[in-house]
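Have the 3D view ready to turn as we go.

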Amino acid sequence: MQTNTHKADRTSKWKKILLWVSILIILGLTAGYIYLKSVTYQPSSVAQAGLQSDSQVRVTQVKDGYKFEYADGPVREPNIIFYPGGLVEPMSYSPLARELAEAGHRVFIADMPLNLAIFGENKADSFVSQYPDEAFVIGGHSLGGVFASRYAAAHADKLQGVFFLASYADEQAAIRDTELSVLQITGTNDAVLNWEVWESSKVNLPEDTVYVEIVGGNHGQFGSYGMQQGDQQPAISGEQQIDETAAAIQDWIAQLDQDQ
């Protein structure tokens with residue numbers, strides 16, 4: 001027959017085991033967080049400066065991200081939602097957001113958990129809910145583009161279009177049978193994008209998808225955070241690549257306006 005002493009010893013043993021398991025889990029999560037922070041791409045000094053409001057663009061930190069608005073004129077729809085690339089700080093895309101805001105658009109950059117869009121696919125809900133009666137497009141860079149497209153596939157009724165920067169729509173993000181307009185932008189010197197997957201994923205997009213190629217552009221210069229590991233050296237400046245990207249997005253949006 002088991003004595004009370006034996007029962008107490010057994011309970012104490014399990015408490016110690018659970019305590020050590022809890023400690024190991026906490027240490028593992030902490031180590032993982034520290035590692036992710038160590039490999040995260042930080043915004044350049046130019047991108048950091050782009051977060052400051054001035055006479056042209058008003059920048060506000062909002063729930064789930066950042067909002068860029070033209071400071072001297074009415075808002076030009078559609079509003080633009082942007083999902084950052086994997087392990088890239090959202091502020092790194094402030095130069096692109098500023099250019100689009102200067103054209104009159106309200107631009108949102110989502111702040112993803114651990115800087116990974118896989119954990120924040122529905123961040124766009126926060127921005128759409130702020131302006132439920134206004135039009136929106138959504139897009140993203142690299143991993144961000146994949147999950148922006150997954151959001152669009154599930155919420156096509158809330159959006160006018162999707163744009164991809166060095167990215168693609170996987171099978172879960174297929175938008176080929178929607179009424180969404182789609183823009184695909186790539187750089188010829190991009191050595192990070194899996195071009196084989198990018199090519200095969202075209203079947204997930206509408207036949208009238210617009211394709212734009214930035215000659216000399218690479219993967220990382222869609223943002224402003226320095227060279228990305230594995231990327232090829234660009235043949236153009238980061239400023240030129242962002243200028244061409246913003247111009248392509250604005251041309252695409254202008255066509256959207258004509259089609260409405």
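A cavity, as the word is used here, is a set of grid points where a 1.4 Å probe fits but cannot get out, and its lining residues are those with an atom within 4 Å of a point. Helices and strands are DSSP runs, numbered from the N terminus. Please keep in mind that this is a predicted model.

With that in hand, let's look inside. The structure holds one cavity of 30 Å³ or more, and about 50 Å³ of space lies in the largest cavity. Its lining is made up of I80, F82, Y93, L96, A97, L100, V107, I109 and F163. Strand 3 (79–83), helix 3 (94–102) and strand 4 (107–110) are the elements that each give two or more residues to this lining. Which element provides the largest share of the lining? Helix 3 does, with three residues.

Seven of its nine residues are buried, leaving the helix mostly covered. Those buried residues are S94, P95, L96, A97, R98, L100 and A101. The helix lies across strand 1, strand 2, strand 3, strand 4 and strand 6 (161–165), and runs at about 35 degrees to strand 2. After helix 3 comes G104, which has a positive phi near 110 degrees.

Eight strands form an open sheet with mixed pairing, in the order 1-2-4-3-5-6-7-8. Strand 1 and strand 8 are its edge strands, each pairing on one side only. From one strand to the next, the twist averages 15 degrees. In general, strands of a sheet pair through backbone hydrogen bonds, either parallel or antiparallel.

Strand 1 (residues 57–62) pairs with strand 2 in the antiparallel sense over six bridges, and here V59 stands opposite F68 of strand 2. The hairpin of these two strands has two residues between them, and D64 takes a positive phi near 75 degrees in it. Strand 2 also runs antiparallel to strand 4, joined to it by four bridges; the bridge partner of G65 in strand 4 is A110. Why is strand 2 described as largely enclosed by the rest of the structure? Five of the six residues in strand 2 (residues 65–70) are buried, so the rest of the structure largely encloses it.

Further along, the pairing sense is parallel: strand 3 and strand 5 (residues 136–141) share five bridges, and I81 has I138 in strand 5 as its bridge partner. Helix 5 (residues 143–154) packs on the sheet here, touching strand 3, strand 5 and strand 6, and its direction makes about 150 degrees with that of strand 5.

One last stop is a loop residue. L205 is found between helix 6 (195–200) and strand 8 (210–214). Is L205 buried or exposed? Buried means under 20% relative accessible area, so L205, at 6% relative accessibility, counts as buried. Leaving aside neighbours within four places in sequence, L205 is in contact with F164, A169, I175, R176, V182, Q184 and Y211. L183 is 22 residues away from L205 in sequence, and their C-alpha atoms are 9.7 Å apart in space.

How values were computed
Residues are numbered from 1 along each chain as its sequence is written. This is a predicted model: local features need pLDDT of at least 70, side-chain atom pairs count only at pLDDT 80 or more; totals for chains, interfaces and linings use all residues. Side-chain values use heavy atoms; hydrogens and water are left out. On a 1 Å grid over the protein atoms alone, a cavity is a set of points where a 1.4 Å probe fits but cannot get out, and a pocket is an open set with protein on both sides within 12 Å along at least five of seven lines; lining residues have an atom within 4 Å of a point. Grid points are joined across faces, edges and corners, and a volume is the space filled by probe spheres set on the points. Buried means under 20% relative accessible area, exposed over 50%, partly exposed in between (1.4 Å probe, protein chains only). Two strands pair if DSSP finds at least two bridges between them. Contact means heavy atoms within 4.5 Å. Axes are lines fitted to C-alpha atoms, for helices over the stretch in contact, and angles run from 0 to 180 degrees between N-to-C directions.
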